[in-house]
Amino acid sequence: MPLTEQQINVISGHPLNDTLDRFRDKLRDLDESDRSWHDATATIILALVDTSAALNLDSRSGKETLADDLFPIYLSVRRGSLKSEHFCRLFRCIIDKATDIDIWEAVFSIVESLSALTPPQSIIAPTFQGTPVKTSSSRLGDSETRDIIEGELFEEIKHCTFRNVKGFFDKFFNPQNWRREQKAMLRAMMTAHNGKAWSDFPSTPNEKPVWDWLCLLEGRFLADAPHKLYTTRTANQFKERKGQMDIFWQMPATNINNDIFEYKHVLIVGEQKKSYNTSKFKAILLQLARHVRSIFADQPTRRFIHAFSLCASTMELWVFDRSGPYSSGPFDIHDEPDKFARTLVGYATMDDDMGLDRFIEKEDGQRHITLDDASNKKIRVRLDKAMVRQQAIVCRGTTCYKTQHSQVAKFSWASDKQKLEVEQLKLAEQRGVKGVARVVAHRRITTIAKMREGLEFPERHSFRGETVDFEDTGSTNTSSHKRKSLSDNTSDKASGPKRRRSNSQKSKLATLSIGKAKPSLNTPGEDLWENRIYSCLLISPAGRVISKFRTIEELLESMRDAIKAHQSLYVTGNILHRDISPNNIIITRPETGFKGMLIDLDLAKVMDSGPTGARHQTGTMQFMAIEVLRAADHTYRHDLESFFYVLLWMCARQSWTNGFGRGIERPPRDSLLRRWEIGSFKYIAAAKQGDMAVDGLKQIMNEFPKDLHVVKPLCLRIRKLLFPLNKEEGMIFGTPAGDPSQLYNAIIAAYGDAIDKLSEH
């Protein structure tokens, strides 16, 4: 297929220059019968993956970019599973010094011819161009199941759920604010109530008769409404996800094939049951939450989502936002017909009260945002594809888009208790910090307090049988899957009308949020729910998250330079990061001066400032330092310890996903690193303490694929630097006195020596 004009323009704007010159002589002498052919071909493909053209040319297979198409081919070549005939045209172009157009045409030809041979998307390590942030899936590589997801969601919402919120109907379903046609629909629908009950409501309220009755009401009174009712009654009804949704509203479906729906189109979700049983409340709420989670994942800039349950004739309306769910309280639709009618008309017609994104402007098939740069001038930025999004409800909901200038637009709901990330990034730049992402522009959009304005909240809902351990720093998840907890959920002071707690009502609750984001111990204060500030940052440079490393050398160089960046942030900027994780280290281009950089200063602390006001441990569960898990004050050494855990995780867990092991080896079925994910803070600290002994570390390193065995000496050397031995006290976990640069420099030197040894091979 010939190149399009757009592709030619991208290629012209991103020339290869001398990228492939070094391969020309080697290609002339290649022997296709030995291993050197596979090694040389893999190196060429990898060189093409890293070009700016590949990162800006669109994929032809439904992925993000051409680089996404090329990387699995690189893995296949490295494993020796492809033949030279697929690459003859490309090799001839390189040898003959062909034009960039000819070379990229040959590359696209390879992609198209091998599309049937590429591995499934689930095992491809996708190219990530852009500043990544945390997703909220708690399982690093485990398959999702309904029980696991609902268990995690309960941990997420159990301390921030409210029922019987006063002002709910006036805020979302107030006919005084409606248009004339909406009021007409309401008046007409009320004629279907005879004063005691709704006409034709089934005497036996099974799901099918009630559904038919709702469709009858819609046909009679809501035929002209913009949103339509739908249902699914069998599994596999939503694209790429298994499951069913009893009732939901969306725009009229025009592209549905065989009743396949997509969460990106859903506006309101409902659960329907044939009977009302208060003991089933939690189960129904979690069913709603599971669907809401999927809607937020596919509509990542959605501000809030409406949901409801209809159990026989008892209805309860919900709103889910990034600080949790709250409801109208249950009511009987026969006894309070006005509420029911207002609900149906509202769901079928509402616009601004739907929670849809209004900040991103859509025009001519493109999306734009308007931000304020450093001089407070308005700049208009075009958004390309969404690269990162969180799959959780109560979280920062961080979403990243690549922009037309290869920068990153990052949307997130940050706690108003923490200093905003834009302020931290600007301060780091002012103080001359190197190796940390730079903010280009910013815009504050809204807050949870603003969205909840006019509502009066009662005490948090107390779920039956739920207890809190006041002594342990964390809670224990007794299921076999990973527990997630995030410092996204510090309980912050919120403005806006809501009832305050008296001092006698204060309690120390260990609130855990769900996600591969940040765990923390949360101690709620006087405010019933946390206020979050929704904002957008334009950040530079773009990069790939460290977990998408393609070579061992790239992993080690990126880790080393990220540690250099941390040293600059702490020593020069007097700022402590406090959340070192794979999602906050990016692989960047050498021209930035750093092959690895640090991002995400949401939890960073200026060392000459006072307390943040949020009483919690900060970090990401699997990578938190032992002493931090035990509630010690966070120091620079703890972040260096977190860097070490990231390295171990990349070698023992992530490397298998990235194609190391050459298809012969198999990753361990039950990794020892699972112990870093499950249980209380105390339990994880104890597990890590044992793993940091020499014998414990060797057991972890036994999980490295053979390709990563070369990293073992580096791991042992860093372990000795971080956990020196004392004859009287044994292994030391504390922060050494004296100049921090001594420990930084020693670890950086260890990485340097390991990288030098790699080049010798």
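Two strands are said to pair if DSSP finds at least two bridges between them, and helices (H or I, at least four residues) and strands (E, at least two) are DSSP runs numbered from the N terminus. This is a predicted model, in which local features need pLDDT of at least 70 and side-chain atom pairs count only at pLDDT 80 or more, whereas totals for chains, interfaces and linings use all residues. Residues are numbered from 1 along each chain as its sequence is written, and side-chain values use heavy atoms, with hydrogens and water left out. The secondary structure of the protein chain comes to 22 helices and 20 strands. Of its 761 residues, 59% are buried, where buried means under 20% relative accessible area, exposed over 50%, and partly exposed in between (1.4 Å probe, protein chains only). Among the contacts in the chain with a separation of 6 or more, 73% join residues 24 or more positions apart, a contact being heavy atoms within 4.5 Å.

**The six-stranded sheet**

- An open sheet of six strands runs in the order β1-β2-β3-β4-β5-β6 with mixed pairing; its edge strands are β1 (228-230) and β6, each of which pairs on one side only.
- From one strand to the next the twist averages 20°, with axes taken as lines fitted to C-alpha atoms (for helices over the stretch in contact) and angles running from 0 to 180 degrees between N-to-C directions.
- Strand β2 (residues 247-250) pairs with strand β3 (residues 266-273) in the antiparallel sense over four bridges, and Gln250 stands opposite Val266 in β3.
- Helix α12 (residues 281-298) lies across β3, β4 (305-311) and β5, and runs at about 160° to β3.
- Helix α13 (residues 337-349) also packs on the sheet, where it touches β2, β3, β4, β5 and β6, and its direction makes about 40° with that of β5.
- Strand β5 (residues 314-321) and β6 pair in the antiparallel sense over seven bridges, forming a hairpin with two residues between them; within this pairing, Met315 has Phe331 of β6 as its bridge partner.
- Although β6 is an edge strand, seven of the nine residues of β6 (residues 324-332) are buried, so this strand is largely enclosed by the rest of the structure.

- Leaving aside neighbours within four places in sequence, Leu556 is in contact with Leu647, Val711, Leu714, Tyr751, Ala754, Ile755 and Leu758.
- Helix α21 (residues 712-722) packs with helix α22 (residues 741-760) at an angle of about 170°, their axes being 10 Å apart.
- That angle makes α21 roughly antiparallel to α22, on a scale where under 35 degrees counts as roughly parallel, over 145 as roughly antiparallel, 65 to 115 as roughly perpendicular and the rest as oblique.
- The α21 side of the contact includes Leu714 and Leu721, while Tyr751 and Ala754 are among the residues that α22 brings to it.
- The residues of this contact divide into 11 nonpolar, no polar and two charged, given that Ala, Val, Leu, Ile, Met, Phe, Trp, Tyr, Cys and Pro count as nonpolar, Asp, Glu, Lys and Arg as charged, and the others, Gly among them, as polar.

- Tyr534 is found in strand β13 (residues 532-540) and is buried, with a relative accessible area of 1%.
- Beyond its neighbours within four places in sequence, Tyr534 is in contact with Thr301, Arg303, Asp357, Phe411, Ser412, Trp413, Arg444, Ile445 and Thr446.
- The C-alpha atoms of Tyr534 and Thr398 are separated by 9.7 Å, the two residues being 136 residues apart along the chain.
- The peptide bond from Ser540 to Pro541 is cis, with omega near 5°, and Pro541 is found in the loop between β13 and β14 (544-545).

**Positive phi outside glycine**

- Lys97, which is not a glycine, has a positive phi of about 55°; this residue is found in the loop between α6 (88-95) and α7 (100-114) and counts as exposed at 63% relative accessibility.
- Asn376 has a positive phi near 65°; its place is in the loop between β8 (366-373) and β9 (378-389), and at 64% relative accessibility Asn376 counts as exposed.
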